[in-house]
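Visitor: I have a structure to look at and I would like to learn its terms. Can you take me through them step by step?

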Amino acid sequence: MPKQNPAADTRDLLSVADARRMILDSVSAVVGREYVTVRAALGRVLAADVVAPCNVPSHDNSAMDGYAMRTADLAAGDDTVLPVAGTAFAGRPFAGAVGPGQAIRIMTGAPIPQGADTVVMQEAVRRDGGRIVVPPGQETGQNVRRAGEDLVQGTVAVAAGTRCGPAQLGLIASLGIAEVAVRRRLRVAFFSTGDEIAPIGRPLAPGEVYDSNRYTLFGALSRLGCDLLDMGVVADDPASLEGALRDASLAADVIVTSGGVSVGEADFVRDLMSRMGEVAFWTLAIKPGKPMAFGRIGDAVLFGLPGNPVAVLVTFYQVVQDALLQMMGVSPLPAAQRFHVPCEMAIRRQPGRREFVRGRLLRDGGRLAVTLAGAQGSGVLRSMSEADCFIVLPEDCAGVRPGDAVLVEPFAGLV
């Protein structure tokens with residue numbers, strides 16, 4: 001028997017990079033916006049720039065508890081004794097001006113009194129009854145936060161296309177803005193396919209497996225903030241699948257299926273996609289996840305993911321997620337965080353496809369390394385649940401020896 005060349009088996013497969021590029025070139029942001037309160041904007045994508053209607057902060061204020069004074073009153077090389085003429089609080093500013101040779105007790109956030117140009121932190125001075133002793137070496141403007149230091153009135157505070165997190169909510173609130181314009185939610189219909197798929201909560205019949213993929217997809221899509229249509233499990237029957245795909249294409253912007261896209265006799269999704277719409281590709285040079293279809297049915301984008309549980313997650317995060325973010329209006333798309341670390345274990349493999357191995361990062365003092373997170377079969381979801389990163393092995397990698405540097409992609413920020 002002639003020796004097989006695994007690389008030759010992948011010559012006609014689309015690379016992960018080319019698939020991502022093809023998909024991103026063919027999808028655009030959904031049309032439609034709504035106005036929501038600041039709290040409701042968490043996780044939503046801004047449809048318009050948020051412009052600062054005022055300076056932030058609105059006035060010069062103290063960066064810490066201390067004493068406000070005039071630098072001109074301070075001796076250059078010796079202590080300076082100043083009487084304390086009053087107190088300024090954040091909510092109750094000092095009403096008068098700082099006169100020559102005076103200091104004002106000031107709290108963090110309080111407006112800088114008229115005439116003062118510097119704040120000396122309270123730990124640096126010595127209090128002597130109604131006076132303070134200020135050591136030399138103070139500088140003009142120290143510990144003073146200037147008006148507009150954070151944002152100048154009229155500038156863009158948060159750009160359109162930003163997906164709002166806690167920091168963005170706080171920044172918008174600091175401007176006194178109560179409502180913002182956000183993109184409408186992306187509508188995603190999803191379902192599992194297969195006669196062997198059983199619902200959770202009842203005993204399995206012979207040959208059945210529980211429907212884990214639909215819960216995996218629910219979790220991944222929910223964390224993106226999509227508006228979900230869960231269509232359950234669709235049997236391996238052309239008529240049933242055709243009806244489900246037609247209904248989904250009319251109700252959603254995106255359809256995500258799991259199973260039914262390989263070359264088995266009961267794998268109908270790809271053929272139905274070709275008849276009902278168009279198929280851009282249906283196999284990728286990726287492991288796990290080779291059988292994956294992308295195309296359209298009507299106005300809906302369709303991702304036909306593999307049936308193996310780990311392959312569903314790998315293809316979703318490596319190929320699908322950025323497309324959904326782009327359709328949500330996120331701009332620019334977040335960059336994947338990747339870096340090299342030594343691998344603690346050997347990894348055997350054949351070149352040909354880009355492989356995403358489940359790994360677990362190890363920290364020993366200042367040293368970072370990675371190890372395998374368990375068995376790597378495409379149906380072994382436990383190792384995926386115990387992993388915290390992908391070990392990314394390029395197409396030409398012929399294996400990894402202990403101590404070799406490998407590229408890792410942490411789940412933090414990805415999932």
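Visitor: Which side chain meets that of Asp253, and in what kind of contact?

Guide: The side chain of Arg184 does, in a salt bridge. Keep in mind that this is a predicted model.

Visitor: Why is the contact of Asp253 and Arg184 called a salt bridge?

Guide: The N to O distance is 2.9 Å. The cut-off is within 4 Å, between a side-chain nitrogen of Lys or Arg and a carboxyl oxygen of Asp or Glu. So Asp253 and Arg184 qualify.

Visitor: What makes this pair a tie between parts of the chain?

Guide: Asp253 lies in the loop between α4 (238-251) and β17 (254-258). Arg184 lies in the loop between β12 (179-183) and β13 (187-193). The pair therefore ties together parts that are 69 residues apart in sequence.

Visitor: Why is Asp253 called buried?

Guide: Its relative accessible area is 13%. Buried means under 20%. So Asp253 counts as buried.

Visitor: How many salt bridges does a search of the whole structure find?

Guide: It finds 18 salt bridges. One of them joins Asp322 and Arg20, with the closest N and O atoms 3.0 Å apart. Asp322 lies in helix α6 (residues 309-328) and Arg20 in helix α1 (residues 16-26), so this pair ties together parts that are 302 residues apart in sequence.

Visitor: What makes Arg275 and Glu242 a salt bridge?

Guide: Their closest N and O atoms are 3.3 Å apart. The limit is within 4 Å, so the pair qualifies. Arg275 is in helix α5 (residues 269-276) and Glu242 in helix α4, 33 residues apart. Arg275 is exposed, because its relative accessible area of 56% is over 50%.

Visitor: Which residues do salt bridges with shared partners join into one network?

Guide: Asp211, Arg214 and Asp230.

Visitor: Now the rings. How many aromatic pairs does the structure hold?

Guide: Five. One of them is Phe281 with Phe294.

Visitor: Why is the pair of Phe281 and Phe294 called tilted?

Guide: The centres are 5.7 Å apart, and the angle between the planes is 35°. Pairing needs centres within 6.5 Å. Planes under 30 degrees apart count as stacked, over 60 as edge-to-face, and the rest as tilted. So 35° makes this pair tilted. Phe281 lies in strand β18 (residues 278-283) and Phe294 in strand β20 (residues 291-297), so the pair ties together parts that are 13 residues apart in sequence. Both Phe281 and Phe294 are buried. With Phe303, they form one aromatic cluster.

Visitor: What makes Phe390 and Phe411 edge-to-face?

Guide: The angle between their planes is 75°. That is over 60, so the pair is edge-to-face. The centres are 4.9 Å apart. Phe390 is buried, with a relative accessible area of 0%. Phe411 is buried too, with 8%.

Visitor: Where does Arg92 lie?

Guide: Arg92 lies over the face of Phe89, at 4.4 Å from the ring centre. The charged end of Arg105 sits over the ring of Tyr67, 5.2 Å from its centre.

Visitor: How do you know that Cys54 is in no disulfide?

Guide: The structure holds zero disulfides. For Cys54, the nearest cysteine sulfur is that of Cys164, 17 Å away. Cys164 is in no disulfide either; its nearest cysteine sulfur, that of Cys226, is 16 Å away. At 3% relative accessibility, Cys164 counts as buried.

Visitor: Which peptide bond has omega near -5°?

Guide: The bond from Lys287 to Pro288, which is cis. A cis peptide bond also joins Val56 and Pro57, with omega about -5°. Most peptide bonds are trans.

Visitor: What is the phi of Asn143?

Guide: It is positive, about 60°, although Asn143 is not a glycine. Asn143 sits in the loop between β9 (131-134) and β10 (144-145). At 22% relative accessibility, Asn143 counts as partly exposed.

Methods. Residues are numbered from 1 along each chain as its sequence is written. This is a predicted model: local features need pLDDT of at least 70, side-chain atom pairs count only at pLDDT 80 or more; totals for chains, interfaces and linings use all residues. Side-chain values use heavy atoms; hydrogens and water are left out. Rings of Phe, Tyr and Trp (its six-membered ring) pair if their centres lie within 6.5 Å; planes under 30 degrees apart count as stacked, over 60 as edge-to-face and the rest as tilted. Helices (H or I, at least four residues) and strands (E, at least two) are DSSP runs, numbered from the N terminus. Buried means under 20% relative accessible area, exposed over 50%, partly exposed in between (1.4 Å probe, protein chains only). A charge sits over a ring if NZ of Lys or CZ of Arg is within 6 Å of the ring centre and within 35 degrees of the ring normal. A disulfide is a pair of cysteine sulfur atoms within 2.5 Å.
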